[in-house]
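Hi,

Here is the structure I said I would pass on. Have a look first, and my notes follow below.

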Amino acid sequence: MRAHRHVVPPLAERSRLVLDEDGLKEWGRELGRATTAPLVITLTGDLGSGKTTLAQAICDGYGVEEEVTSPTYALVHRYAASKSPVYHVDLYRLDNPSQLTNIGWDDIISDHAVVIVEWPERAGSRIPDDHLPIDIDYVSGASDRRLLLAG
Ligand SMILES: Nc1ncnc2c1ncn2[C@@H]1O[C@H](COP(=O)(O)OP(=O)(O)O)[C@@H](O)[C@H]1O
Ligand SMILES: [Mg+2]
């Protein structure tokens with residue numbers, strides 16, 4: 001049951017930004033500072049585009065004090081923060097959306113938490129409609145820059 005509406009911080013409502021790594025991290029920290037639970041944030045982009053880097057910055061801004069590492073093998077890591085728990089999910093290794101049951105997906109997305117999901121396309125229709133989508137793309141001819149599309 002989810003009666004609450006997710007609130008998207010204003011800076012992420014509609015953004016189209018070309019950022020270097022420091023800029024991307026600063027944007028992510030700012031997003032984390034402005035985020036309130038519950039919110040599902042999806043991060044779409046090729047391998048190495050910067051999804052985990054951005055997830056780490058969002059966690060930092062939200063108040064996660066532990067080191068945030070890529071959940072590539074466990075698929076999900078859960079962190080504590082004073083505002084709410086944070087789940088960092090990486091679905092790269094998910095073969096089928098039905099496997100989401102094994103990681104407790106329904107409990108994760110109905111928790112009063114921030115949920116950051118890499119490779120959300122692997123979850124098919126099981127991503128809630130009211131999530132905040134963020135896409136990260138490479139910029140041709142600028143290996144240190146990324147195009148970030150939010151909202
Ligand atoms: N502008 C940028 N923003 C984010 N990462 C960048 C940028 N420029 C270079 N990088 C590098 O790209 C890599 C991104 O890796 P990672 O965040 O693990 O990607 P993903 O989780 O999408 O596979 C890191 O090695 C990082 O240093
Ligand atoms: Mg990653």
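Buried residues make up 36% of the 151 in the chain, where buried means 20 or more other C-beta atoms within 10 Å of a residue's own, exposed means 12 or fewer, and partly exposed is in between, with C-beta atoms placed from the backbone. Keep in mind that this is a predicted model, so local features need pLDDT of at least 70 and side-chain atom pairs count only at pLDDT 80 or more, while totals for chains, interfaces and linings use all residues. Residues are numbered from 1 along each chain as its sequence is written, with chains lettered from A and ligands numbered from 1 in the order in which they are written.

Of the contacts with a separation of 6 or more, 68% join residues 24 or more positions apart, a contact being two C-beta atoms, placed from the backbone, within 7 Å.

The chain has three helices and seven strands, in the order β-α-β-α-β-β-α-β-β-β from the N terminus. These are DSSP runs numbered from the N terminus: helices are H or I with at least four residues, strands E with at least two.

Strand β2 (residues 39-44) is largely enclosed by the rest of the structure, because five of its six residues are buried. It pairs in the parallel sense with β5 (residues 114-118) over five bridges and with β6 (residues 132-138), also parallel, over four; pairing takes at least two DSSP bridges between the strands. Thr42 stands opposite Val117 in β5, and Leu43 opposite Ile134 in β6.

Ile134 turns up again with Leu149 of strand β7: leaving aside neighbours within four places in sequence, Leu149 is in contact with Arg16, Ile134 and Asp135. Leu149 is partly exposed, with 15 other C-beta atoms within 10 Å.

Now for ligand 1. There are 16 residues around it, and Glu21, Gly50, Lys51, Thr52 and Thr53 come nearest; to count as near, a residue's C-beta atom, placed from the backbone, must lie within 6 Å. β1 (15-20), α1 (21-34), α2 (51-62) and β7 (145-150) each supply at least two residues of this shell, and α2 gives the most, with three.

Best wishes
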